[in-house]
Amino acid sequence: MYHWESESVVLFDGVCNLCNGIVNFLIDADHRNRLKFASLQSETGQQILMRFGMDTADFDTFVFYSKGRTYTRSRAALEVVRELGGMWRLAYGAIIIPPLLRDGIYRWIAANRYRWFGKRDACRMPTPELKARFL
């Protein structure tokens, strides 16, 4: 069993094209290789969800685990950009937008993501070069 507790882990819907595109962006933007990735559907993703009492069948929620805490929806996205560092940290300023509004927009996009961006038949398989970044 992999010990993910010491990592910063991005959990994403492995069959969502939008989510996979975001993961590709994060891999490219994470020059320090701090982020690890796991699909919500994976064994590691399910372990993290269970550990924090989250719904293991809810794949509409982007989750970020770091330093013993989990963040969901828009807060997860903001914490991830803060973790990226550099100029991306400026995007964390959106934290001043009330969570009700941020998460409302998040839920609207999540509810329509398959229709707008499509979905895959199976979860993303990382290339050999990126395999170490996936749990």
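How many disulfides does a search of the whole structure find? The search finds 0 disulfides, a disulfide being a pair of cysteine sulfur atoms within 2.5 Å. Cys16 is buried, with a relative accessible area of 0%, and Cys19 is buried as well, at 16%. Buried denotes under 20% relative accessible area, exposed over 50% and partly exposed in between, with a 1.4 Å probe and protein chains only.

The model is predicted: local features need pLDDT of at least 70 and side-chain atom pairs count only at pLDDT 80 or more, while totals for chains, interfaces and linings use all residues. Residues are numbered from 1 along each chain as its sequence is written, and side-chain values use heavy atoms, with hydrogens and water left out.

Helices (H or I, at least four residues) and strands (E, at least two) are DSSP runs numbered from the N terminus. Two strands are taken to pair if DSSP finds at least two bridges between them. An open sheet of 4 strands has the order S2-S1-S3-S4, and its pairing is mixed. S2 and S4 are the edge strands, each pairing on one side only. From one strand to the next, the twist averages 20°; axes are lines fitted to C-alpha atoms, for helices over the stretch in contact, and angles run from 0 to 180 degrees between N-to-C directions.

S1 and S2 are joined by 5 bridges in the parallel sense, and Val10 stands opposite Phe37 in S2. Strand S1 (residues 8-12) pairs with S3 in the antiparallel sense over 3 bridges, where Val9 lies opposite Tyr65 of S3. S3 and strand S4 (residues 69-72) also run antiparallel, with 4 bridges between them; Tyr71 in S4 is the bridge partner of Phe64. These two strands, S3 and S4, form a hairpin with 2 residues between them, and Lys67 in the turn has a positive phi of about 55°.

In a regular strand the side chains alternate between the two faces of the sheet. In strand S3 (residues 63-66), Val63 and Tyr65 point one way and Phe64 and Ser66 the other, and all are buried.

Helix H3 (residues 73-84) has 12 residues and should span 16 Å at 1.5 Å a residue; its end C-alpha atoms are 17 Å apart, which agrees. The expected span is 1.5 Å times one less than the number of residues. Buried residues of H3 are Ser74, Ala76, Leu78, Glu79, Val80, Val81, Glu83 and Leu84. Their cover includes S1, helix H1 (17-29), strand S2 (35-39), S3, S4 and helix H4 (99-117). Just after H3, Gly85 takes a positive phi of about 75°.

The axes of H3 and H4 come within 7 Å and cross at roughly 100°. H3 is therefore roughly perpendicular to H4, on a scale where angles under 35 degrees count as roughly parallel, over 145 as roughly antiparallel, 65 to 115 as roughly perpendicular and the rest as oblique. Arg73, Ser74, Arg75 and Leu78 of H3 make the contact with Arg102, Asp103, Tyr106 and Arg107 of H4, contact meaning heavy atoms within 4.5 Å.

In helix H2 (residues 43-51), the buried residues include Thr44, Gly45, Gln46, Gln47, Ile48 and Leu49. S1, S2, S3 and S4 are among the elements that cover the buried residues of H2.
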